[in-house]
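Hi everyone, thanks for coming.

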Amino acid sequence: MTTQPKPSPRRSLLYVPGDSLRKVSKAAALPADTLILDLEDGVAANQKAAARATVVQALRELDFGHRERLIRINDVNGPLAQQDLAVTVEAQPDGYVVPKVQEGEDLLAVSHFLDEQEKLNGWPLGHIRLLAMIETGLGVMNLREIAQATPRLDALVFGAEDFAASVGAVRTREKWELFYARSAVVTAAGAYGLKAIDLVFVHLDDPDGLAAECTDGRHLGFIGKTVIHPAQIETANRIFAPSPTEVEAAQRLVAAFAEHQRAGAGAFAYEGKMVDMPVIRTAQRLLDRAAAVADGR
């Protein structure tokens, strides 16, 4: 059994191997905003069928509380994805993570399947969401098409390791080899009203590096981060949530703007800086984000 979650703020999205009920049970009590029950890279080839059954059992029997429950299927252009969907949809996850999306058609195939299942079962139409993983050069080049493929699409997730392999890049701590692709994902998400989720941090023994990468991702415009270990959750949750200081500053700024509007002023000087509408929109977005984090807990 599970409580229908509120919309997730998606600061932290934890991958959990779908073939281990023990690990899923443990993850259901962790403070991650979203759990991604993995049928793809986290599961050996000879355990795929067992993982599907385990994921269905977990979704039916475990209490996930407020956590968003997603399933990552296998490559939609491969032989396993259709089986993943056919077996697991009956457990009604909150959504599916579709890996290696390279064009809009990759999402449409999944969306059409979900349309049929929702109609057949009398479920609310469109309630199962999709998140598209952008992890190839072609996926980056087709972001405009992908972002508009289906109303079910809710977020773009950047996958760094597969992307680097697809373009022949050498992975570095500085991540300049990923800068264009990460920026493209954030830009497409912003243009089409989607959420942008950043890459996993693969170094498990480098908390300072994790914090720096989370900060870097937030500055770029990502709202959260995929994580691969429970120890990474707290850092992602903290950094991708507006701090009390930021919230207080944004509230003061919005209040000052309202006061100047009542006085008939447009742009105005505030704490040594000129303020106009783009600055106010940024402040309001931060307050909206803070409210979403508070509501999703």
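Contact here means heavy atoms within 4.5 Å. Helices are DSSP runs of H or I with at least four residues, numbered from the N terminus. Keep in mind that this is a predicted model, where local features need pLDDT of at least 70, side-chain atom pairs count only at pLDDT 80 or more, and totals for chains, interfaces and linings use all residues. Residues are numbered from 1 along each chain as its sequence is written, and side-chain values use heavy atoms, leaving out hydrogens and water.

So, the helices. On the α2 side, R52, V55 and V56 meet Q83, D84, V87 and T88 of α3. By residue class, that contact has three nonpolar, two polar and two charged members (nonpolar being Ala, Val, Leu, Ile, Met, Phe, Trp, Tyr, Cys and Pro; charged Asp, Glu, Lys and Arg; polar the others, Gly among them). The axes of α2, residues 48-61, and α3, residues 81-88, come within 9 Å and cross at roughly 30°. That makes the two helices roughly parallel (angles under 35 degrees).

Now the aromatics: there are three pairs in the structure, pairing meaning ring centres within 6.5 Å. W176 is exposed at 64% relative accessible area, while F179, at 39%, is partly exposed. F268 and Y270, with centres 6.4 Å apart and planes at 80°, are edge-to-face, and both are buried (buried is under 20%, exposed over 50%, partly exposed in between, with a 1.4 Å probe and protein chains only).

Definitions and conventions. Axes fitted to C-alpha atoms, helices over the stretch in contact; angles between N-to-C directions. Parallel < 35°, antiparallel > 145°, perpendicular 65-115°, else oblique. Phe/Tyr/Trp six-rings, centres within 6.5 Å; stacked < 30°, edge-to-face > 60°.
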